[in-house]
Amino acid sequence: MIKTTTRKKIEILMDVPLLRSLRDLAIKNGVRGYTVLPTLAGGGDQGRWRDDQVTGGAGSKVVFATIVKEDTADRFLTALEPLLDEYSLIVTITTVEVIRGDNF
Amino acid sequence: METLLSPVILFFVLGALAAFAKSDLSIPEPLSKALSLYLMCAIGLKGGILVSDNGMTVDLFLAAIAGLVLSCLIPIGAFALLRSFGKLETTNAAAVAAHYGSVSVVTFVAGNQLLTDAGTPPAGYMIAVLALMETPAIIVGIFLARRNTGQAFQPGQDLLRETLLNGSVVLLLGSFIIGLIIGKDGFAPVSPVFETGFTGLLCLFLLDMGLVAARRLRHARNLTLRLVTLAIVFPIVNGTIGTTIGAMLGFDIGTATTLGILAASASYIAVPAAMRLALPKADAGLYLAMSLAVTFPFNIIVGIPFYTMLAKLMV
């Protein structure tokens, strides 16, 4: 059986213009690797949105995903807390099993 | 009527009708992005070449100053009306006001095309005025929001980058400078790409704009009748002021109309991105619906012919 390690996976749905700031915050708090995923469309309390490049991506959203150790996750999420309400971020945290745990 | 039956306008109407009819017609996003880059590049180059032909004139500096002043003052008047008549709270009023102080590149491009087709092309330097008018309103809008909510204005590095180095501003100004450097002779080899296909690609882009604007209107929430009224009153008033200033400064019909178009148009590229960073509590659905779904179609279908008629009366 292949050896796995337990890590935390954090996924954040955010407006495209915020991506750069959030990536810098993640790196500052110990995140070593991340992936940015595109989204097509969605909806919620604030209405519907869709990826439309006509508005230069201002109405578009992306998902920032990272897998980290538990202490790094705590540090990053504490730093993120003041931004949660202000920028209406949607954050999910999942416990995952990864192969080659030293990489995360 | 001639303007309304131009292919550029008809494709815009087609897009809007298709979206209202809930057709599945759509332009792929990467193509839409590529078309917008192409249009900005082409219009920047053309402006630069015209200025390289005519040289730097006093009119260029007068138009730049007029544009800058309009861009700084329009948000202040708009903010007051949005608060009083529009019943918007401070943050939303400031965010919407910033959009009306800034400019819409596509309205400019469409106006430029229609004026050129009518034999009254604007001066090439108006592209520089367009680029200059993109950003001051963002600063004024943020200032209005922070001043009225008591928050200190602390522009982050990202906001500065978003404001000053926004892709559309960089491409417009960059292409304008390239046009200045290469002149008419240098443009000849690339003109098949940037000139021959221009109107056709503009039609495709406006088809997409029609789809996006109408869909935005269909899904707009919090867009009250008062705000729709303001989204129509703002371009009429600002466009009249801009055209009048252009006529008073002694510009030709095309250039005076274009100053009116710039004053009347509302941004939906540079400002929304900056507002998402600076005023995240402002309702993006609201300011995009006003600028993109109401003011933009109004300017394309009614505004541009109206400002042209005004300019013809005054010049």
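**Helices, salt bridges and surface of a predicted model**

Biologist: Which is B:K184 by relative accessible area, buried or exposed?
Modeller: The scale calls a residue buried under 20% relative accessible area, exposed over 50% and partly exposed in between, with a 1.4 Å probe and protein chains only. B:K184 has a relative accessible area of 54%. On that scale B:K184 is exposed.

Biologist: What pLDDT do local features need in this predicted model?
Modeller: Residues are numbered from 1 along each chain as its sequence is written, while chains are lettered from A and ligands numbered from 1 in the order in which they are written. Side-chain values use heavy atoms, with hydrogens and water left out, and in this predicted model totals for chains, interfaces and linings use all residues, side-chain atom pairs count only at pLDDT 80 or more, and local features need pLDDT of at least 70.

Biologist: With which residue does the side chain of B:K184 meet in a salt bridge?
Modeller: A salt bridge is a side-chain nitrogen of Lys or Arg within 4 Å of a carboxyl oxygen of Asp or Glu. For B:K184 the N to O distance is 3.2 Å, and the partner is B:D53. The pair links distant parts of the chain, 131 residues apart, with B:K184 in helix α9 (residues 167-187) of chain B and the partner in helix α2 (residues 29-54) of chain B. At 40% relative accessibility, the residue that counts as partly exposed is B:D53.

Biologist: How far apart are the closest N and O atoms of A:E11 and A:K9?
Modeller: A:E11 is partly exposed, with a relative accessible area of 23%, and A:K9 is also partly exposed at 27%. The two form a salt bridge, with their closest N and O atoms apart by 3.8 Å.

Biologist: What is the N to O distance between the side chains of A:R23 and A:D24?
Modeller: A:R23 has a relative accessible area of 26% and is partly exposed; A:D24, with 38%, is partly exposed. Their side chains meet in a salt bridge, N to O, at 3.2 Å.

Biologist: Which residues are linked with A:D15 in a network of salt bridges?
Modeller: Over all chains the count comes to 5 salt bridges. In the network, A:D15 is linked with A:K61 and B:R276.

Biologist: How many helices are there in chain B?
Modeller: Helices (H or I, at least four residues) and strands (E, at least two) are DSSP runs, numbered from the N terminus. Chain B has 0 strands, and its helices number 15.

Biologist: What is the radius of gyration of chain B?
Modeller: The radius is taken over C-alpha atoms, and the globule rule is 2.2 Å times the number of residues to the power 0.38. For 315 residues that rule gives 20 Å, and chain B comes close to it, so it is as compact as a globular protein of that length. The C-alpha atoms fill a box of roughly 55 × 45 × 40 Å along the principal axes. The radius of gyration is 18 Å.

Biologist: What share of the 315 residues in chain B is buried?
Modeller: Contact means heavy atoms within 4.5 Å. Among the contacts in chain B with a separation of 6 or more, residues 24 or more positions apart account for 87%. The buried share of the 315 residues is 57%.

Biologist: Against which helices of chain B do the buried residues of α12(B) pack?
Modeller: Helix α12 (residues 225-248) has 24 residues and reaches 34 Å from its first C-alpha to its last, close to the 34 Å expected at 1.5 Å a residue; the expected span is 1.5 Å times one less than the number of residues. Its buried residues include B:L227, B:F234, B:G242 and B:A247. They pack against α3 (58-84), α4 (90-101), α13 (253-264) and α15 (284-314).

Biologist: Where in chain B does B:S267 lie?
Modeller: B:S267 counts as buried at 1% relative accessibility. Beyond four places in sequence, its contacts include B:H99, B:P272 and B:S291. B:S267 lies in the loop between α13 and α14 (270-278).
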